[in-house]
Structures are given as C-alpha cells and as structure tokens.
Amino acid sequence: MSLASLALTLSLIGWADTITVTPSKGDRVHASWQRTIAAMDRPGERTVETLKRFDLEGMYKTSPDGAISRLERRARLQTDPDLVFALAELSWVEGRKLDRKRKPGALDRYLDTVAYAYDFLFDPDMADGRSPSDPRYRMACDFYNAGLDRLIRAAKSSGKISPNEDVKLKVNGKEQTIKVVLETSPWTKADLNELLLASDFEVEGLPSKAFLYGVGVPLIGVRKSDPAAREHEQFYPPEMAFPLTAIIQPNSRLKDTDESEVEQLRECTLKLVDPLVYRTFGIESSKLVVESDLTTPLAYMWSRTDLAKFRWTGLLKPGEALGRTGLMLLRPYETGKIPVVMVHGLASSPLAWIPMINELLRDPRVNERFQFMLYVYPTGLPMPIAMASLREALQGAEVTFNRGGTDAAFGKMVLLGHSMGGLLSHSMVVDSGDLFWRLNTDRAFDDIFGPPEVRAELKRYLFFKPLPFVRRVVFLATPHRGSDIAAGMVGRLSTSLISDPDHISTLLARLSKDNPDAFERKNFQRMPTSIETLSPHAEVLPALLKMKPGPKVTFHSIIGSNRPRPKDVTTDGVVPYTSAHIDGVESELVVRSDHGVQKDPIAIGEVHRILLEHIGLTPNRQSAAAKIPQRD
C-alpha cells in the first residue's frame, strides 16, 4: 500500500485534522461593527434629532466641523448622553468620509470617535441616560471598536506596537503619544514579539469559533522561541500565538472648563488585555464584556507548524521524529490550575484536539481552573516505548512545575486519550508488574544476563508503577481489545511501511545472544509496531487490561457509534464497541460519531461535564472559586 493510499484510508476513518488560516478577503463577518456602521455615510435619525434640538442641522450640512465644535462646547456645559453619542457618531461619519477621500484628518476623527464612545459607555455621570435596551448602547460599542481598529492599523503602519513603548500618531497636526501597557497576564512583554489583528485572518477547519462580543479589538500575540533566554522553552512550540484584546483609555474633554483645552491632544493609554484573565472592563457601575477571539490565535499557531507532515513522519519513520516528542503548553504554566494532558492517536497529531480546546475555552470556569498540555509523539513507535516516553514526559513536567510538591493542582492531573492515545494514558495509572515482560519469556527479569545499560533500558519500557499525580483518565474511541482494521489489509500493509529503529533491534539481539535459551528469537528480533500492537490478536492489550490501577484514579469512556445498532455490534468504523468498552469506569457515553470522536460536539460536551465534575461543579452550577477576577 502506498503512502498516499494509507493517508486516504486513515482520513476516511476520521483521522483528518487540517486547520488553515488565510488572509481575510475583507473585514470579518463576526466583527459586529462591520454589519452596523462600516458603510455609514450619514448620521442616524437620533443624532439628526440632536442636531435639530440645538439648531445645528443646517450648519452640519454646510460645515460639519463647525457643527461638531458647537456640540462639543454644549457637551462640556451639560451632561447629556444624547450629545455625547451624537459626537461619537458624527466623528465616525466624518472620519470615514475623509478616509475614503484619502484626506488628512481621518485619524483625528477616529480618535474622537473612540473617546466620545468611551465617555458614553463608561462615564458614571451618564448612567441615568444610557440603557442596554437603547440601540445606541450597542452602536456606541461598535463606534468604539471601529475607531480603535483604525487607530491600531495606523499605529502598525508606522512601526511595531510593543508594551512599555509609546506609539506616535499624527493627530490634529501634532504628534500624539499613546502609551502601550500589557495588563497582568501569564505572558510577559518578552513573550510579545509581534501583534496581529485577528480580523485580518480567516479560519477554516474548525466547526465553530470562540468569540465574545463586547468592547475592544481582538489581537494575536506572536511569540518567537528563544532557547537561550526563555524559561521552560522546551514546553513551547517554535512559534506560539495567543489571544489579546486592545482597549484604549482616552482622557475626557467633557470635564474641561477651559475651551482652549478642546484643541489639546488627548492623553491615551492602549491596554493589551489577556481575555482569559480579564473578562470585563470598566468601573463597577458600567462593566462591559471584553471582546475576544480565542479561536483565531489558536488556529494561527497550529496552522504554522509542521505537525500535518509530522503525523506521517511519526508513523512511518518514528526514529527520525523522536526529537519532537514531548509536552507542549498553550500558555505559560500557571500554578494552581489543574493540567489536562491530551494524547493523540495513531497517524495523528495534537491538531486533532484543537476543536475540543476551542470549545472548552468558552467556559470561564474551565479557563480559571484548568490548563491544557498537548502531548506529541511518533505514533509508529512500539507501544511500550511510546508509553515510557509519555511517562517520562509527565515526570519531567512534575520536576519542572511541581518541584517539592508545592502545586497541589498538579497532583489532580486529567489525561484525555484518543484511540491509541487512550492506551498510552491507561498505562500511566496502572502497575505493570511483570505482565509485559512475561510476554517475551518464562524467565524472571532478574535472571536475565546482559549489559547493565541494556537491562536498564528494557526495564524502562516494560516495568512501571502508577503516576500518583494522575487522578482521572478519559478514554475516547480507545481500542482496549484492538481493532480488526489493524489486523486486516490496512494493518498488514501499512505495518510494512514503518521503519523499525535500529537501536531497538540491536538491543534485543544483544539480550537474545546473551540468553540463548530465554527467548524465541523469531519473536524477539524486534518490538511489534504500533499497528501490530493494535490487532485484536496482540498480547500487549490483554496484559494492559489485567494491570491493577492506582487507588485514586477515575476512568471515563466516550465511544463512537457510526450508526444506530445494538452495542454488541456497533462500531465507529475503526474500533467496535466491544473493544472500546471496559468495566469499572465511572461513566460511559456512546455518541453518534466516526472514529474522530474527539471532535464530536456531544463528546466535547461530555468532556466539559467531566472536567467540571473533577472540580466539584456541574454545568449548571457556578462557584465562587471559579469566578474570573474582574478588573478595571
């Protein structure tokens, strides 16, 4: 079977995980201001009424600047939300006119748009005159976001936007200085190499987008790797991307008493806000949701990796891909948050988990209490070696992040394992005894002769104890008793494509030579490939099921069924129910899905439920411990 045929076969049974990010052909549909005010070329009815109230309708037609100046003076003399909203709307309309004609002064108007919209939304003196039920309330958010979008684009065209550095813009004929600040976040200014506007990109390959409407402009923070200078660099992909939201705080002209101050430059601070930390913005009496896009940064990061290629290298040439093995963080490690480690399946990669992560990030309770780690490994490795690699990666994370047992949350780790990843996850919480070793010989391990380094390496693969910090394992489409597809045509032919690491063959040959009567040489020449191990006839899987789990671990099963049939004959197209089912789980859910069950919305909802259960919550119950901190 050719590689192309194998790829097609595996894609058909649910292993495809392609996510693409392309430049937007236009402004994004989900940016609400694009649907409401982007094409606005004249003021709305309510603003025209305000102009009439002050006998400025005629002046506005002949001299827009003069009419706006008159309204500004009026607004400084009386607290009137109608006046302030009209100023925001007129500033936007006039800014768009200047922009379309490529005339100077557009930035002046955009800054006024942002400032007056900010006054309308957040000034406590206007609380009695604004109402969320007033259509102008949402429009004020749109004016604020649209004006800020234009200011950020202008700032980016002039140079890089960086925390603790000032942005210079030409406003009112003068140089306007805008201070840039990164608000409290696990990310630091050293992590922020580049800022991109999320609206400049379109995402394909994800069924939904985690987007919240509110105030602010969603951004993508890009972090470039720096192995020599960054702590925990080994846990980060080469190029990480993370969500930020830009919010600008301009000073208000409404409180000025000297009319000459109207022409002075505004004082502005551009805040870069982590939307997973700051869910709202503003003072207590007028808090608004921070607009956020969690999907585009996530997709942008993974679309720029080589993981789509790695999935095949990892399957067919595992020895060449060993260097990529390890845990990857999506954010800096945060003490006090429970790690959720996601382990992908055969011929797959961490990309398979992105739809689930994208959905789970919607819940602030999940963001507040959990952090995600993705495990990547060459799936062509023999199962015992792959299991040992995961175990050592988790133990390494414990040494790095929970040295001395200082982080209690680390000791409540959850593993999510899809397909073969479920088998690897299972092995993290059981005691092997000598069950794996006895598959090869009737001799006790201590009675085997051989170089100490050879014995030590074999012991590393075949003997293990439960990891005490793993408390819950969720199996998704896991072939506990194998899959007929591994024993059939795909299994037989694709196994021949997998290159066996020479090191393992040499190791086994040396041990067999030193113990000529201990092993059947034909069966001990190499370790079975991952696909061979997934056969219903493989001896490794029954041995794994016999192993005793740790006393504090809880299991859950999520099983796919591609058509309505009795359980004893149903299948997800790869793994039958009879293989995916095991006794002793706390919960089992069968969903209508192919083998890619980790992408199924109902399965994702079940994982969500399990995570909340892990911290003592249900999907309908909040707790004080899960509340997101609210900051001004």
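**Close-up views of a predicted model**

**View 1. Six strands make an open sheet of mixed pairing, ordered β2-β3-β9-β8-β7-β4.** Strands are DSSP runs of E with at least two residues, helices are runs of H or I with at least four, and both are numbered from the N terminus. Two strands count as paired if DSSP finds at least two bridges between them. The model is predicted: local features need pLDDT of at least 70, side-chain atom pairs count only at pLDDT 80 or more, and totals for chains, interfaces and linings use all residues. Residues are numbered from 1 along each chain as its sequence is written, and side-chain values use heavy atoms, leaving out hydrogens and water.

**View 2. Strands β2 and β3 (residues 174–182) run antiparallel and are joined by six bridges.** Valine 171 has lysine 174 of β3 as its bridge partner.

**View 3. The largest nonpolar core has 195 residues.** Such a core is a set of buried Ala, Val, Leu, Ile, Met, Phe, Trp, Tyr and Cys residues joined through side-chain atoms within 4.5 Å; buried means under 20% relative accessible area (1.4 Å probe, protein chains only). Leu121, Tyr144, Trp302, Leu394 and Leu416 touch the most other members. Helix α8 (residues 135–158) supplies the largest share, 11 residues.

**View 4. Tyrosine 144 touches Val114, Ala117, Tyr118, Leu121, Val215, Gly216, Ile247 and Ile248.** Contact means heavy atoms within 4.5 Å, and residues up to four places away in sequence are not counted here.

Key: Buried means under 20% relative accessible area, exposed over 50%, partly exposed in between (1.4 Å probe, protein chains only).
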